[in-house]
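Here's a quick briefing to read alongside the model. Have a look at the fold first, then the notes.

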Amino acid sequence: MELIKLGKKTYYIKNNTNIGVYKLNDENVILIDTGNDKDAGKKILKIISEQNWHVKMIINTHSHADHIGGNNVIQTRTNCDIYSNEIETSLINNTILESAGLYGASPLSSLKNKFLYAKESKAKVIDNNINNLEIIDLKGHSYDMIGVKTDDDVIFLGDALASENTINKYHIFYLYDVKEYLNTLEKLKTLKAKKYVLSHNEVTNNLNDLIKANDDKINEIISNIYKILDTSKTFEEILKEIFDMYNLTMNVSQYYLVGASIKAYLSYLCNDDKITYEFKENKMYYKIKGDEKSA
Ligand SMILES: [Zn+2]
(Lines give C-alpha, C1' and ligand atoms only; values in the text may rest on other atoms or scores of the structure.)
Protein backbone atom coordinates (compact mmCIF):
# COMPACT_ATOMS: atom_id res chain seq x y z
CA MET A 1 0.00 0.00 0.00
CA GLU A 2 1.26 3.41 -0.97
CA LEU A 3 -0.09 6.96 -0.45
CA ILE A 4 -0.22 8.92 -3.73
CA LYS A 5 -1.08 12.61 -4.09
CA LEU A 6 -3.75 13.51 -6.67
CA GLY A 7 -4.63 17.12 -5.85
CA LYS A 8 -4.10 19.85 -3.28
CA LYS A 9 -6.15 18.01 -0.65
CA THR A 10 -6.74 14.64 -2.26
CA TYR A 11 -4.70 11.45 -2.14
CA TYR A 12 -5.35 7.78 -2.66
CA ILE A 13 -3.88 4.63 -1.21
CA LYS A 14 -3.08 2.20 -4.01
CA ASN A 15 -4.48 -1.18 -3.06
CA ASN A 16 -6.62 -4.11 -4.39
CA THR A 17 -9.46 -1.73 -3.62
CA ASN A 18 -8.10 1.82 -3.99
CA ILE A 19 -8.77 3.99 -0.94
CA GLY A 20 -9.53 7.72 -1.23
CA VAL A 21 -8.05 10.18 1.29
CA TYR A 22 -9.37 13.77 1.44
CA LYS A 23 -7.74 16.27 3.82
CA LEU A 24 -10.27 18.35 5.74
CA ASN A 25 -7.47 20.36 7.41
CA ASP A 26 -3.92 19.77 8.67
CA GLU A 27 -5.02 16.98 11.01
CA ASN A 28 -8.24 15.38 9.84
CA VAL A 29 -9.02 13.25 6.80
CA ILE A 30 -12.02 11.57 5.22
CA LEU A 31 -11.48 8.07 3.82
CA ILE A 32 -13.38 6.85 0.80
CA ASP A 33 -13.82 3.08 1.29
CA THR A 34 -11.66 0.90 3.55
CA GLY A 35 -10.60 -2.19 1.58
CA ASN A 36 -11.01 -5.91 2.02
CA ASP A 37 -10.71 -6.70 5.68
CA LYS A 38 -9.28 -5.90 9.11
CA ASP A 39 -5.73 -6.16 7.73
CA ALA A 40 -6.44 -3.52 5.08
CA GLY A 41 -8.01 -1.31 7.78
CA LYS A 42 -4.91 -1.61 9.99
CA LYS A 43 -2.56 -0.79 7.10
CA ILE A 44 -4.67 2.25 6.18
CA LEU A 45 -4.56 3.46 9.80
CA LYS A 46 -0.76 3.06 9.84
CA ILE A 47 -0.34 5.11 6.64
CA ILE A 48 -2.67 7.83 7.99
CA SER A 49 -0.94 8.02 11.37
CA GLU A 50 2.53 8.18 9.72
CA GLN A 51 1.35 11.51 8.23
CA ASN A 52 0.13 12.59 11.70
CA TRP A 53 -3.38 12.63 10.34
CA HIS A 54 -6.55 11.42 12.03
CA VAL A 55 -9.54 9.66 10.41
CA LYS A 56 -12.59 11.85 11.02
CA MET A 57 -15.00 10.13 8.65
CA ILE A 58 -15.41 7.25 6.21
CA ILE A 59 -17.58 7.51 3.11
CA ASN A 60 -18.40 4.12 1.60
CA THR A 61 -19.21 4.20 -2.12
CA HIS A 62 -21.25 1.03 -1.58
CA SER A 63 -21.60 -1.89 0.80
CA HIS A 64 -19.67 -4.69 -0.95
CA ALA A 65 -17.33 -6.43 1.48
CA ASP A 66 -14.16 -5.37 -0.38
CA HIS A 67 -15.12 -1.70 0.16
CA ILE A 68 -16.19 -1.84 3.82
CA GLY A 69 -13.92 -4.58 5.18
CA GLY A 70 -11.71 -2.13 7.12
CA ASN A 71 -14.64 -0.11 8.53
CA ASN A 72 -14.94 -2.01 11.79
CA VAL A 73 -11.32 -1.74 12.92
CA ILE A 74 -10.99 1.90 11.81
CA GLN A 75 -14.24 2.96 13.52
CA THR A 76 -13.35 1.05 16.69
CA ARG A 77 -9.94 2.74 16.91
CA THR A 78 -10.86 6.29 15.80
CA ASN A 79 -14.55 6.59 16.63
CA CYS A 80 -15.09 8.09 13.16
CA ASP A 81 -18.48 8.58 11.51
CA ILE A 82 -19.36 6.39 8.53
CA TYR A 83 -21.67 7.53 5.73
CA SER A 84 -23.18 6.03 2.61
CA ASN A 85 -26.40 6.14 0.59
CA GLU A 86 -29.63 4.85 2.08
CA ILE A 87 -29.82 1.15 1.07
CA GLU A 88 -26.03 0.75 1.26
CA THR A 89 -26.15 2.04 4.85
CA SER A 90 -28.63 -0.70 5.75
CA LEU A 91 -26.24 -3.30 4.35
CA ILE A 92 -23.15 -1.81 6.06
CA ASN A 93 -25.04 -2.02 9.36
CA ASN A 94 -26.31 -5.57 8.63
CA THR A 95 -23.60 -7.22 6.53
CA ILE A 96 -25.35 -10.61 6.35
CA LEU A 97 -27.65 -8.95 3.77
CA GLU A 98 -24.96 -9.16 1.05
CA SER A 99 -24.80 -12.97 0.94
CA ALA A 100 -28.49 -13.28 1.91
CA GLY A 101 -29.34 -11.04 -1.07
CA LEU A 102 -27.32 -13.23 -3.43
CA TYR A 103 -28.74 -16.47 -2.04
CA GLY A 104 -32.31 -15.26 -1.47
CA ALA A 105 -32.57 -16.73 2.05
CA SER A 106 -30.37 -17.45 5.03
CA PRO A 107 -27.18 -18.17 3.03
CA LEU A 108 -25.05 -21.29 2.72
CA SER A 109 -22.19 -21.04 5.20
CA SER A 110 -19.76 -21.28 2.26
CA LEU A 111 -21.08 -17.88 1.11
CA LYS A 112 -20.34 -16.33 4.48
CA ASN A 113 -16.70 -15.69 3.58
CA LYS A 114 -14.78 -12.42 3.89
CA PHE A 115 -15.42 -11.57 0.23
CA LEU A 116 -19.18 -11.52 0.85
CA TYR A 117 -19.55 -11.02 4.61
CA ALA A 118 -17.68 -8.11 6.18
CA LYS A 119 -17.60 -7.21 9.86
CA GLU A 120 -20.33 -4.77 10.79
CA SER A 121 -19.86 -1.08 11.52
CA LYS A 122 -22.29 1.77 12.27
CA ALA A 123 -23.12 3.89 9.22
CA LYS A 124 -25.48 6.82 8.67
CA VAL A 125 -27.22 8.15 5.55
CA ILE A 126 -25.16 10.78 3.70
CA ASP A 127 -26.31 14.25 2.51
CA ASN A 128 -25.76 15.42 -1.07
CA ASN A 129 -22.95 17.71 -0.05
CA ILE A 130 -20.68 16.99 2.83
CA ASN A 131 -17.57 19.06 3.70
CA ASN A 132 -17.00 20.46 0.16
CA LEU A 133 -17.51 17.02 -1.35
CA GLU A 134 -20.14 16.45 -4.01
CA ILE A 135 -21.96 13.12 -3.80
CA ILE A 136 -22.91 11.61 -7.17
CA ASP A 137 -25.49 8.82 -7.63
CA LEU A 138 -23.97 5.90 -9.54
CA LYS A 139 -26.57 3.15 -9.30
CA GLY A 140 -26.36 -0.11 -11.23
CA HIS A 141 -23.33 -2.02 -9.95
CA SER A 142 -24.89 -2.02 -6.50
CA TYR A 143 -28.30 -0.95 -5.12
CA ASP A 144 -27.47 2.65 -4.37
CA MET A 145 -23.76 3.29 -5.08
CA ILE A 146 -22.31 6.80 -4.89
CA GLY A 147 -19.24 8.57 -6.24
CA VAL A 148 -17.46 11.43 -4.51
CA LYS A 149 -16.13 14.56 -6.24
CA THR A 150 -13.62 16.67 -4.35
CA ASP A 151 -13.17 20.46 -4.66
CA ASP A 152 -9.70 19.86 -6.15
CA ASP A 153 -11.25 18.06 -9.11
CA VAL A 154 -10.85 14.35 -8.40
CA ILE A 155 -13.79 11.93 -8.67
CA PHE A 156 -13.86 8.63 -6.80
CA LEU A 157 -16.13 6.30 -8.76
CA GLY A 158 -16.23 3.08 -6.72
CA ASP A 159 -17.12 0.18 -9.02
CA ALA A 160 -19.07 2.26 -11.56
CA LEU A 161 -16.94 0.76 -14.37
CA ALA A 162 -15.39 -2.68 -14.70
CA SER A 163 -11.69 -2.57 -15.59
CA GLU A 164 -10.33 -3.77 -18.97
CA ASN A 165 -8.75 -6.69 -17.14
CA THR A 166 -12.06 -7.74 -15.55
CA ILE A 167 -13.92 -7.36 -18.83
CA ASN A 168 -11.37 -9.41 -20.79
CA LYS A 169 -10.72 -12.06 -18.16
CA TYR A 170 -14.11 -12.58 -16.49
CA HIS A 171 -16.52 -11.12 -19.09
CA ILE A 172 -19.51 -11.10 -16.73
CA PHE A 173 -18.84 -8.35 -14.19
CA TYR A 174 -21.16 -8.05 -11.24
CA LEU A 175 -24.12 -5.77 -11.63
CA TYR A 176 -27.39 -5.44 -9.79
CA ASP A 177 -29.45 -3.47 -12.31
CA VAL A 178 -28.60 -3.35 -16.04
CA LYS A 179 -30.82 -0.35 -16.82
CA GLU A 180 -29.33 1.73 -13.99
CA TYR A 181 -25.80 0.61 -14.98
CA LEU A 182 -26.42 1.84 -18.56
CA ASN A 183 -27.85 5.13 -17.20
CA THR A 184 -24.72 5.51 -15.09
CA LEU A 185 -22.52 4.94 -18.19
CA GLU A 186 -24.34 7.86 -19.86
CA LYS A 187 -23.87 9.99 -16.76
CA LEU A 188 -20.14 9.18 -16.62
CA LYS A 189 -19.73 10.64 -20.13
CA THR A 190 -20.83 14.01 -18.74
CA LEU A 191 -18.77 14.04 -15.52
CA LYS A 192 -15.76 16.30 -15.85
CA ALA A 193 -12.70 16.04 -13.60
CA LYS A 194 -8.91 16.16 -13.75
CA LYS A 195 -8.57 12.66 -12.35
CA TYR A 196 -10.88 9.67 -12.00
CA VAL A 197 -10.25 6.98 -9.40
CA LEU A 198 -11.94 3.63 -9.90
CA SER A 199 -11.63 1.14 -7.06
CA HIS A 200 -9.96 -1.58 -9.12
CA ASN A 201 -8.12 0.23 -11.89
CA GLU A 202 -5.27 2.64 -12.59
CA VAL A 203 -6.08 6.32 -11.99
CA THR A 204 -6.95 7.97 -15.30
CA ASN A 205 -7.77 11.38 -16.77
CA ASN A 206 -10.07 9.97 -19.43
CA LEU A 207 -12.87 7.43 -19.04
CA ASN A 208 -14.08 7.26 -22.65
CA ASP A 209 -12.42 3.99 -23.71
CA LEU A 210 -13.48 2.22 -20.53
CA ILE A 211 -17.08 3.45 -20.79
CA LYS A 212 -17.20 2.09 -24.35
CA ALA A 213 -15.64 -1.25 -23.31
CA ASN A 214 -18.29 -1.65 -20.55
CA ASP A 215 -21.11 -0.70 -22.91
CA ASP A 216 -19.85 -3.08 -25.63
CA LYS A 217 -19.55 -6.00 -23.20
CA ILE A 218 -23.10 -5.47 -21.89
CA ASN A 219 -24.43 -5.45 -25.45
CA GLU A 220 -22.41 -8.59 -26.25
CA ILE A 221 -23.90 -10.39 -23.23
CA ILE A 222 -27.41 -9.34 -24.22
CA SER A 223 -26.89 -10.65 -27.75
CA ASN A 224 -25.48 -13.91 -26.34
CA ILE A 225 -28.57 -14.31 -24.13
CA TYR A 226 -30.71 -13.91 -27.26
CA LYS A 227 -28.61 -16.60 -28.97
CA ILE A 228 -29.01 -18.94 -25.98
CA LEU A 229 -32.76 -18.30 -26.02
CA ASP A 230 -33.03 -19.63 -29.55
CA THR A 231 -35.22 -22.17 -27.78
CA SER A 232 -36.76 -21.56 -24.35
CA LYS A 233 -34.37 -22.33 -21.46
CA THR A 234 -34.38 -22.53 -17.69
CA PHE A 235 -32.15 -20.20 -15.66
CA GLU A 236 -29.80 -23.14 -14.90
CA GLU A 237 -29.43 -23.88 -18.61
CA ILE A 238 -28.80 -20.22 -19.47
CA LEU A 239 -26.17 -19.93 -16.73
CA LYS A 240 -24.41 -23.12 -17.86
CA GLU A 241 -24.27 -21.89 -21.46
CA ILE A 242 -22.87 -18.51 -20.35
CA PHE A 243 -20.14 -20.27 -18.31
CA ASP A 244 -19.32 -22.56 -21.28
CA MET A 245 -19.32 -19.70 -23.77
CA TYR A 246 -16.87 -17.61 -21.74
CA ASN A 247 -14.84 -20.54 -20.41
CA LEU A 248 -15.62 -19.63 -16.79
CA THR A 249 -15.19 -22.05 -13.89
CA MET A 250 -18.19 -22.69 -11.69
CA ASN A 251 -17.85 -22.68 -7.91
CA VAL A 252 -20.29 -21.69 -5.21
CA SER A 253 -19.34 -17.97 -5.16
CA GLN A 254 -19.25 -17.70 -8.96
CA TYR A 255 -22.56 -19.54 -9.24
CA TYR A 256 -24.24 -16.92 -7.08
CA LEU A 257 -22.32 -13.82 -8.25
CA VAL A 258 -22.43 -14.51 -11.99
CA GLY A 259 -25.89 -16.01 -11.50
CA ALA A 260 -27.15 -12.78 -9.87
CA SER A 261 -25.73 -10.72 -12.75
CA ILE A 262 -27.39 -12.98 -15.33
CA LYS A 263 -30.66 -12.62 -13.39
CA ALA A 264 -30.17 -8.84 -13.63
CA TYR A 265 -29.96 -9.20 -17.44
CA LEU A 266 -33.03 -11.47 -17.50
CA SER A 267 -35.16 -9.08 -15.42
CA TYR A 268 -33.94 -6.14 -17.52
CA LEU A 269 -34.97 -7.92 -20.76
CA CYS A 270 -38.30 -9.13 -19.26
CA ASN A 271 -39.15 -5.68 -17.86
CA ASP A 272 -38.30 -4.16 -21.24
CA ASP A 273 -40.68 -6.65 -22.93
CA LYS A 274 -37.89 -8.26 -25.00
CA ILE A 275 -38.17 -11.69 -23.37
CA THR A 276 -40.75 -13.39 -21.19
CA TYR A 277 -41.12 -16.51 -19.06
CA GLU A 278 -43.52 -19.40 -18.70
CA PHE A 279 -43.94 -22.42 -16.44
CA LYS A 280 -44.01 -25.93 -17.88
CA GLU A 281 -43.97 -29.12 -15.80
CA ASN A 282 -43.09 -27.07 -12.74
CA LYS A 283 -40.04 -25.49 -14.38
CA MET A 284 -39.55 -21.82 -15.24
CA TYR A 285 -38.46 -21.16 -18.82
CA TYR A 286 -37.28 -17.87 -20.34
CA LYS A 287 -38.03 -17.25 -24.01
CA ILE A 288 -37.80 -14.48 -26.56
CA LYS A 289 -41.01 -12.53 -26.98
CA GLY A 290 -42.83 -12.60 -30.33
CA ASP A 291 -41.03 -10.88 -33.20
CA GLU A 292 -37.83 -10.23 -31.18
CA LYS A 293 -36.79 -13.79 -32.11
CA SER A 294 -36.37 -12.96 -35.79
CA ALA A 295 -34.60 -9.65 -35.00
ZN1 LIG B 1 -18.68 -3.62 -5.71
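In what order do the seven strands of the open sheet run? The order is β1-β2-β3-β4-β5-β6-β7, with mixed pairing. Bear in mind that this is a predicted model: local features need pLDDT of at least 70, side-chain atom pairs count only at pLDDT 80 or more, and totals for chains, interfaces and linings use all residues. Residues are numbered from 1 along each chain as its sequence is written.

**The sheet**
- β1 (2-5) and β7 (123-125) sit at the edges with a single partner strand each, so one side of each has no neighbour in the sheet.
- On average, neighbouring strands are turned by 30 degrees against each other, direction ignored.
- Strands here are DSSP E runs of at least two residues, helices are H or I runs of at least four, and both are numbered from the N terminus; two strands pair if DSSP finds at least two bridges between them.

**Around β5 and β6**
- β5 (residues 54-59) and β6 (residues 81-84) run parallel, joined by three bridges.
- Ile58 has Ile82 in β6 as its bridge partner.
- Helix α3 (residues 71-78) lies across β5 and β6, at about 140 degrees to β5; axes are lines fitted to C-alpha atoms, for helices over the stretch in contact, with angles from 0 to 180 degrees between N-to-C directions.
- Contact means C-beta atoms, placed from the backbone, within 7 Å.

**Two domains**
- The domain assignment, which is automatic or from a database, gives domain 1 (2-217) and domain 2 (219-294).
- Their C-alpha centres lie 29 Å apart.
- Domain 1 puts 17 residues into the contact and domain 2 puts in 15 residues.

Methods. Contact = placed C-beta atoms within 7 Å.
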